[in-house]
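Here are my notes on this model, point by point. Have the structure open while you read.

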Amino acid sequence: MRFAFVTLAPLAFAVALASPSAAQPVEEASAGRGSPSAAQPVEEASAGRGSPSAAQPAAPAAPAAPAGDDFEERLVLDTGRKPPPPPDPARSTFSFQGEYQLRYRAMSDLPLRAPPLSAPGATTLGQSQYIAHWLRLSPRFHFKDKASIVAQIDVVRGLIAGDTTRDVEQVRDARAALAWYEVHPRALYLEVPWALGVVRVGQQSAHWGMGLVVNDGEHASVFGDYERGSLMERVLFAATPMGKGGPLHVTVAGDLVFEDNAADLLGNDVEGQDEGEGDRAFQAVVSALWRERRGEIGIYGAMRRQARERRAKTSPARFSEVLTSGILDVAGRFNAPVPGGRAHVYGELEAAVILGAASFAPSGPPPPSGHAFGRSPVTVRSVGGAATLGAVHVAGRGARPAARWGRVVTEIEAGYASGDDDPTDGVSRRFTFDPSHNVGLLLFDEVLAWKTARAATIAERELFAASPEPGIRSLPSKGGVPGAAYVNPRIIVRPARWLDLKAGAVIAEATSDLVDPYGAPRAGGSLANYDGGDSRRRDLGVELDLGVDARIAMGRLVTLQFGTEAGVLFPGGAFDDAAGAELPDQYLLTLKLGVIH
């Protein structure tokens, strides 16, 4: 069953598209929504929905500060974040920013297929409520305007209290144990400006386009929270070949991936699996971006090779999971004023194709017989993309752009990720979006995420207990959009600048038969879905979301965030089980508290 491993390709290679976020210059000009992190320089001024960073004048020049009637990303999504202060040419400076976020979530206990041998009574996820948090710190030191050291770390992160999950250990961040004290390093790099750009060396995060395939885990979305992000040990060169302030931005980088949605250098991405055996993922990336006042378009290409040594459980034999792939990703965005009115239209898009091959080869003593050995290379052919079109009506007046805010925001996003309904044909077609590109609250972030995680756990624990099957750990979608097409309309109404009232809907269906590649065939020999039901049913369902967000500035240094989000999913026939029983309606409620400095 080759399907599961090669679904790694879209994510594994996705990071090859990496344009740095906490570290990223030019190539992140097309990055998705949310204000840039405290680690982002000036060339990321267009890097997402939120206020542009004001730092790093030595980097390739960004567009001039917006005029009083120009479009700004914060008009659409305002998180309350402030840009880091720029370096002072006359003296060395130090700045410190950070955020603390606390979440309480209550949800339906999701029905899942029980592991028939090891836990036949585990018919649900086992989690109905929990409290989680994270503290993200972003210090920055400038040696005048000659060099900078930028860092970012989640110094505590994890589950504080509540229910834990069960039998989904084949996925990172499974919420299987209370662990509030986890530490996740994100960035530590040296940045040195030069005549036409910037050089960066060290651990950096990555983002490109809308964040479908590479996402820094820093860009906010209308609903949901961002995740870990794409992190790599990187050497990066960015330049504006047409002169400082010119429209053409070029970036070249070489990476050793520290952590992303498909690779983990330290090998702790799956509980209990190949402890100490991490991924060695190397990639070379290059991007070109043409940026004008009202829009930009860019292209990103990269090559990646990723390998992980694994051990058979019943013999000393070892084998490698190897992926070699290339990605081509086009991303762009635009904005325009509405004639005769205080409003703007805007849009963004991203489309990616992934081509490559995956092979599995044993080494060491003679390999045992089993699914993990003797495999021929599997071809990777997957495509995905999304586009957003929106309009914002602007309220407030004043000479300063900050005196305005978006009174009403309406937008619609449509996306497509190719699916794979034949795990035995030697071609992998499933495309999975990065989990930090949030689409709603429930369908992708909870239901499909946990159903794919349970399927992978059953396969690893029971079907291939003696000889591990390559690629099982790539089957879980981790909250991304896997092999599905969707429409996601959203609206935000702001009665006051500090208050957001928001609503959204998700209508989705699978782009191929919804197949569990490791599941037992149904009667008659056909493959089954993740609940043992008819895989030919493609209707994923309809989701409705509501939320309220408030931002209260406590002086110039601290902003308090309060909010709540709630969603209900009316599942489609794609989740019917082997007996034809429908998945019950699913509910989720989130209470949010944040402090931003």
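1. Let's start with one side chain: is Ile149 buried, partly exposed or exposed? Ile149 comes out as partly exposed, because its relative accessible area is 41% and the cut-offs are under 20% for buried and over 50% for exposed, with partly exposed in between (1.4 Å probe, protein chains only). Ile149 sits in strand E3, residues 147–162; helices (H or I, at least four residues) and strands (E, at least two) are DSSP runs, numbered from the N terminus.

2. Before going on, some housekeeping. This is a predicted model, in which local features need pLDDT of at least 70 and side-chain atom pairs count only at pLDDT 80 or more, while totals for chains, interfaces and linings use all residues. Residues are numbered from 1 along each chain as its sequence is written, and side-chain values use heavy atoms, leaving out hydrogens and water.

3. Now the overall picture. The chain holds three helices and 19 strands, and 60% of its 597 residues are buried. Take contacts (heavy atoms within 4.5 Å) with a separation of 6 or more: 72% of them are between residues 24 or more positions apart. The accessible surface is about 20,900 Å², with 65% of that on carbon and sulfur atoms; areas use the Shrake-Rupley method with a 1.4 Å probe, and for residues only the protein chains shown count as cover.

4. E1 (93–107), E2 (129–143) and E4 (182–194) each give at least two residues to the patch, and E4 has the largest share with three.

5. Some of those strands are partners (two strands pair if DSSP finds at least two bridges between them). E1 and E2 run antiparallel over 14 bridges, with Gly98 bridged to Leu137 in E2. E2 also pairs with E3, again antiparallel, over 12 bridges, and there Arg136 faces Asp154. In the three-residue turn of the E2–E3 hairpin, Lys144 has a positive phi of about 50 degrees. Lys144 is partly exposed, at 32% relative accessible area.

6. Further along, E17 (residues 539–554) and E18 (residues 558–571) are antiparallel over 14 bridges, and Ile552 is opposite Leu560. Gly555, in their hairpin, takes a positive phi near 75 degrees. E18 is also joined to E19 (residues 586–596) by 11 antiparallel bridges.

7. Finally, the inside. A nonpolar core is a set of buried Ala, Val, Leu, Ile, Met, Phe, Trp, Tyr and Cys residues joined through side-chain atoms within 4.5 Å. The largest has 61 residues, and Phe433, Leu443, Phe444, Trp450, Tyr486 and Leu540 touch the most other members. Helix H3 (residues 443–463) provides the largest share of this core, nine residues. Beyond its neighbours within four places in sequence, Leu443 contacts residues including Val506, Leu540 and Phe575. A second, separate core has 13 residues, among them Leu75 and Leu441.
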